[in-house]
Amino acid sequence: MDAGFEAHLRVGEETFDRRDAALLRAVAEHGSLNAAASALGRSYSRAHARIGDLEDAAGPLVERERGGSEGGGSRLTDDARELLAQFERLQAALEGTATTERLVLDGRVTERDGDLATVETAAGTVRALALTDADSVQVSFRSDAVTLHDPESAPEGAETSARNRFVGEVVGVEDGDGTALVRIDVGASDPLAVRVTETSLDALGLKPGKPVVASFKATATRATAAPGVADEE
């Protein structure tokens with residue numbers, strides 16, 4: 001779906017957009033600005049300069065560690081995570097207007113590894129990019145970020161970068177123009193909505209009662225503070 005909009009935030013004299021958000025997420029995922037730029041197909045010098053421009057407007061966003069036994073690296077600051085959270089909230093609001101579906105799960109952080117958090121939810125354990133220091137969180141991900149598999153051929157978690165996995169059962173299918181919205185009971189209060197092509201719908205035999213495995217990447221999943229919870233508990 002192309003809703004004809006692009007979310008952006010004004011940060012001082014700078015405009016923070018999806019490319020900037022992608023750069024910060026890549027730093028969180030790869031642990032260094034150089035690796036982040038490489039993963040995004042951007043030059044290190046331009047990525048470094050862009051971070052510098054944003055930091056001039058918003059304050060420190062990337063903490064750099066030099067040397068050491070592991071060669072140093074980078075991680076996001078609290079200000080960077082809050083900036084990403086603001087951008088995600090804006091983008092989610094705009095996407096809601098465009099009817100892109102998103103599942104939101106209440107959960108509690110049980111472990112942190114840099115900018116990634118392990119969250120226990122009613123549907124199971126979820127790994128997510130943490131945009132908050134709070135332990136009581138909501139994790140969310142878009143319907144088009146999820147891949148469906150037949151349980152007999154689904155790859156194991158260690159065999160794919162999509163480490164988040166839910167086992168569920170199809171409870172509804174809404175046909176569209178070339179795509180379909182499949183709703184899956186994964187044990188949460190609301191069904192998981194997944195957008196698939198008609199080809200995938202037929203190949204997987206997706207219909208009510210069909211067992212499936214849903215997988216999605218941690219970096220496509222956001223953990224934000226639960227409503228009414230301060231960022232620092």
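Q: Where does Asp202 lie?
A: In this predicted model, Asp202 belongs to helix H5, which covers residues 198-204.

Q: Why is Asp202 called exposed?
A: The relative accessible area of Asp202 is 62%. The label "exposed" requires a value over 50%, so Asp202 at 62% is exposed.

Q: What makes Asp202 part of a negative surface patch?
A: Asp202 forms the patch with Asp175, Asp177 and Glu198. Asp and Glu count as negative, and members of a patch must have over 30% relative accessible area and no salt bridge.

Q: Which label, buried or partly exposed, applies to Arg64, and which to Glu55?
A: Arg64 has 36% relative accessibility and is partly exposed, as this value falls between the 20% and 50% limits. Glu55 has 19%, and buried means under 20%, so Glu55 is buried.

Q: What makes Lys210 and Asp150 a salt bridge?
A: Their closest N and O atoms are 3.0 Å apart. The limit is 4 Å, so the pair meets the rule.

Q: Why is the pair of Lys210 and Asp150 said to tie together parts of the chain?
A: Lys210 is in the loop between H5 and strand S13 (211-216), while Asp150 is in the loop between strand S9 (147-149) and strand S10 (164-175). These parts are 60 residues apart in sequence, so the pair ties them together.

Q: Why are Lys210 and Asp150 called partly exposed?
A: Lys210 has a relative accessible area of 21%, and Asp150 has 21%. Buried would require a value under 20%, and exposed a value over 50%. Lys210 is therefore partly exposed, and Asp150 is therefore partly exposed.

Q: How do you know that Arg183 and Glu174 meet in a salt bridge?
A: The distance from N to O is 3.0 Å, and the rule asks for a distance within 4 Å; the side chains of Arg183 and Glu174 therefore form a salt bridge. Arg183 is partly exposed at 21%, and Glu174 is partly exposed at 41%.

Q: How many salt bridges are there by this rule, and which residues are linked in a network?
A: The count comes to 11 salt bridges. A network of salt bridges links Asp78, Arg81, Asp115 and Asp133.

Q: What makes Leu148 a buried residue, and which residues does Leu148 contact?
A: Leu148, in strand S9, has a relative accessible area of 9%. Buried means under 20%, so Leu148 is buried. Beyond its neighbours within four places in sequence, its contacts include Val182, Ile184, Val194 and Leu206. Leu148 and Val212 are 64 residues apart in sequence, with their C-alpha atoms 6.6 Å apart.

Q: Why is Arg25 called buried?
A: Arg25, found in helix H1 (residues 18-30), has a relative accessible area of 16%. This value is under 20%, so the label is buried. Among the residues that Arg25 touches, not counting those up to four places away in sequence, are Leu84, Phe87, Glu88 and Arg222.

Q: What makes Thr221 buried?
A: The relative accessibility of Thr221 is 0%. This is under 20%, so Thr221 counts as buried. Thr221 is placed in the loop between S13 and strand S14 (222-225). Setting aside neighbours within four places in sequence, its contacts include Val126, Leu129, Phe141 and Phe216.

Q: How many residues does the protein chain have, and what percentage of them count as buried?
A: The protein chain has 233 residues, of which 41% count as buried. Its secondary structure comes to 5 helices and 14 strands.

Note on methods. Residues are numbered from 1 along each chain as its sequence is written. This is a predicted model: local features need pLDDT of at least 70, side-chain atom pairs count only at pLDDT 80 or more; totals for chains, interfaces and linings use all residues. Side-chain values use heavy atoms; hydrogens and water are left out. Patches are made of residues with over 30% relative accessible area and no salt bridge: like charges are joined within 9 Å, nonpolar side chains (Val, Leu, Ile, Met, Phe, Trp, Tyr) within 5 Å. Accessible areas come from the Shrake-Rupley method with a 1.4 Å probe; for residues, only the protein chains shown count as cover. The place of a charge is taken as NZ of Lys, CZ of Arg, CG of Asp or CD of Glu. Helices (H or I, at least four residues) and strands (E, at least two) are DSSP runs, numbered from the N terminus. Buried means under 20% relative accessible area, exposed over 50%, partly exposed in between (1.4 Å probe, protein chains only). Contact means heavy atoms within 4.5 Å.
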